[in-house]
Each structure stands twice: as C-alpha cells, then as structure tokens.
Amino acid sequence: MRRSHVLLIVRMRTTVALMAMALCTLPAPVRAAAFDVAAYGAKGDGTTVNTAAIQKAIDAAAKAGNGVVVFQPGVYLSGALFLKSRMELRLDEGVEIRGVQDLAAYPVMQTRVAGVEMPWPSALINVYRQAHVKIGGKGAVDGDGKIWWDKYWKMRREEYEPKGLRWAADYDCQRPRLIQVYQSTDIDVQGLTLKRSGFWTVHICYSEHVRVDGLTIRNNVGGRGPSTDGVDIDSSSDVLVAHCDIECNDDAICLKAGRDADGLRVNRPTGKIRIYDNTVRGGAAGVTIGSETSGGIRDVEVKGLTVLGAVPAGILFKSASTRGGTIENIAISNVNTVGVATPVSITLNWNPSYSYAKLPEGGSANLPVGMKEMPDYWKVLTAVVPPEKGMPHFRKIRISGLKSTGAQRAFAVSSYADSPLVDFAFKDIEIEAKTAGTIANTQGWKMEDMRIKTADGSTVVVK
C-alpha cells in the first residue's frame, strides 16, 4: 500500500476517534425535572382542597424551567390553577383534578366571554399570558358543573326571561370554564378526558400556535349543562384541533371572533385553523362558525368529521344582523353524519331572543334583583351604529365529500337579501333525508355531483 493511502487511512481513523471522544464528552440530554404535588402537601383523597399545594408545585416547576408537575393516582379537589411559561402539567391515568363548587375559588379576571370583553371567573386550569406550556396525559379534569347548570336555569327561567332579559342571562350568571388559554402562545393540550364543565370546556382566546389533540370531552354526565361548548377558538390563529371525541350540550367545536359593538371595536379575526379527524356524539353541531363573527373568520380547513346521534346540525354557520364581520375561505371535507337533523345549516338571524339585546326601561324596577344599575357589558350589546356595520358577510365556502343518513332535512339555509351567501361550492354530496329543506338568498352557488334522496320527493332548490 502506498504511503499516501496509509496516511489517509490513519487520518480518517483519527478523525473518527476524535469525533467519538467529542460525542462522549457532550452532556447527556437534560431530563425535565418532576415536581410531585404530594411533596407540596396535596392529597388525592377527594375531600382535601389542594389549590394552594398544587399551585406551589406549578410555581416550582416554572421557576426550575421546563419542569413537569405530576400526581399520584387519586382525586384532587382544587380551585383555579394558573400555569406558567415553560412547564408541563401532566395527569397520568388514574389522576383527576376536580373543581370545587365555590365561585370564590375562581378569582375574577379580565377575559372575553361570548364575544364581549369583561371580568369573569377564572377557569379551573388557566394559561393566562404565558408561552410554551403543555397540559396532557391520560387523566381527567372534572368541573363537577351541575351546581352551575342549575344556577343558570333558575336565574334565566325565574327572573331574566320574565323581564325580557334572556340575552343577559349568559353574561350575568357567572360560571367557571374548565380550561382557559388567553393571550398565550405555543400551547399543547393533549390526551385528557374533560367532563362536566360548568361553562365552556376549552376556551382559546387571543392566542396563537395552540394544539388540541386527542381530548375526550363528556359534559352530559348527570344532566345537560347549558353552554357547555367543547372547544371554542376565539379571535386566535394557527390552531389545530384533532382526534377529539366530544359529547356536550352546545357547540362541539366552535370558531368565534367577537360580538356586536365590542367585537367590532376589538376587530381581531380568527384564522389559520385546522380541524382534523374529530368525532361529535352530542351537541348543537359538529363544527360551528359563529355566532360571534365581528372580527372575521377566515382560512379554515375542516377535514374528517363524524357527527352521530340527535345533534341538530352537522355543519352550522350562524350570525346575526348586529354582529358584522366577514367569514371567508372555509374548506370542509370528508364529513359523515348519522341521525343528525340538518347536515348543512346556515342562519344569519340566529336565536333572536339571545342575539339582540334590548336594554330595560323604567329604572331599577326592571333590573334583576340586587342590581342597582346596568353593567357596562350590557351597553356594548345594543344596536350597532350605523346598522350596516352589523351585517355579516359569508363568502368563498367549499364543502365536499359529505355523506348523511337519517336526516330530517338536507339544508336549512337563509340570509338577508342585502347580504347574500356568496360563492359557495358543494361537491360530492350524498344525503338521505325526509325533505330537501330550503336555500335562500344566495349568489354564485355551484353544486356538483349532488345525490339528495328525500322521503317526500322534494328537491333542492337554490334561490
């Protein structure tokens, strides 16, 4: 062998040896430190209130950086918990955090509720103005929410509806959400079972880069709670909701962007949303756009949605003549509904008794008991001026690969003559229903490969 070849081989072997030595001297990957709540006094006995102990573990994990808060199996009663940046809350199988039934345990904080910025009780688990937070595991978070459901129905039926204040009940009857993600970024919520929320289950507001994956939501346990939405995406961007299994008593997966004058003031859209491979077993609809549309909703992809059972709508678009906003560039595909009343429902005059606020006249006599003057958040729910600012606009919607059986009607679509539904395209639609339903106030609609079978022989007519 020539000397040059020998030298080359020696140099190569020396280089490899030096690389191996360098790798050996590199520090081993740092494992995230675990912070067991038991070390801070928490007890999973189902009776001890552990709010302070769990919060101490959270604070320690955040201070250490990338710490993981862990639990031994058990039921941990708690009030509001506040997660911090660069940490993880992990609930393994057999672990449950259960909310205490005391409103004082959920400190009031500034947030947005049903499209209006206002003070409201904190959630059971809060990610409030934080970054790089993970919440996950095979455990559970239980809101134990029936006390809040009963409170709402009593207030609404016995006092608010008789006074013509149906629209105000949802704001005045304060109830804790289960998980709040507010003004935060890079948040993961994965794998958990969430149940019996007092109000909305997962609320993502003014946030970005949020991933919700593999949740099981069961709110219809021991009753059917009002406004127990599954996942609400509210004036947020770059959000993924995937592989969730949801049973609730209101919108299962809902996109929002503010309500009426307050939503128009904030003017913050919801956009770049991906909703993939989810199953809905109970609720108002499989996927809902609205009714809070004031800031606009755009660039949404829904792909792979199964909606089962007595759910009013598969795909629901809803707004009102005081909301405003533009909803555009929505693509929905591969949807299967079984037993759902209306596969495609669109209304721009949704639930008038809730959507349109009429302030009471005649002084405090017409206010709810104990209220001396109207709260500020009532006043932003009055009519939008000028009125045309309140008109919502829907355009560039694509729906394809929809299959539905056991429906009552194929379509329930209505808008306003001065705000038609523009440039909707339907392709590969197969629906079996009792009747075709109605479609009104459209412009530039296209329908291709439509297979609508109705028991009464009616056909789909686009007007």
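**Rings, charges and cysteines in a predicted model**

Biologist: At what distance from the ring centre of W350 does K318 lie?

Modeller: In this predicted model, where local features need pLDDT of at least 70, side-chain atom pairs count only at pLDDT 80 or more, and totals for chains, interfaces and linings use all residues, K318 lies over the face of W350. A charge sits over a ring if NZ of Lys or CZ of Arg is within 6 Å of the ring centre and within 35 degrees of the ring normal. Residues are numbered from 1 along each chain as its sequence is written, and side-chain values use heavy atoms, with hydrogens and water left out. For K318 and W350, the distance from the ring centre is 3.8 Å.

Biologist: Over which ring does the charged end of K303 sit?

Modeller: The charged end of K303 is placed 5.9 Å from the centre of a ring. That ring belongs to Y276.

Biologist: How are the rings of Y152 and W153 arranged as an aromatic pair?

Modeller: Rings of Phe, Tyr and Trp (its six-membered ring) pair if their centres lie within 6.5 Å, and planes under 30 degrees apart count as stacked, over 60 as edge-to-face and the rest as tilted. A search of the whole structure finds 14 such pairs. For Y152 and W153, the centres are 5.2 Å apart and the planes are at 70 degrees, an arrangement that is edge-to-face.

Biologist: Is Y152 buried or exposed?

Modeller: Buried means under 20% relative accessible area, exposed over 50%, and partly exposed in between (1.4 Å probe, protein chains only). W153, at 25% relative accessibility, counts as partly exposed. Y152 has a relative accessibility of 2%, and therefore counts as buried.

Biologist: Which residues do ring pairs link into a cluster?

Modeller: The cluster is held together in its description by ring pairs, and one of its members is W445.

Biologist: How many disulfides does a search of the whole structure find?

Modeller: A disulfide is a pair of cysteine sulfur atoms within 2.5 Å. C205, which is buried with a relative accessible area of 1%, has as its nearest cysteine sulfur that of C254, 13 Å away. The sulfur of C244 is 12 Å from the closest cysteine sulfur, in C248, and is therefore too far for a bond. The search of the whole structure finds zero.

Biologist: What is the mean pLDDT of the chain?

Modeller: pLDDT is the predictor's confidence in each residue, from 0 to 100, and 93% of the residues of the chain reach 70 or more. Over residues 1-30, however, the pLDDT is below 50. Where pLDDT is low, the predicted coordinates should not be read in detail. The mean for the chain is 92.

Conventions: Contact = heavy atoms within 4.5 Å.
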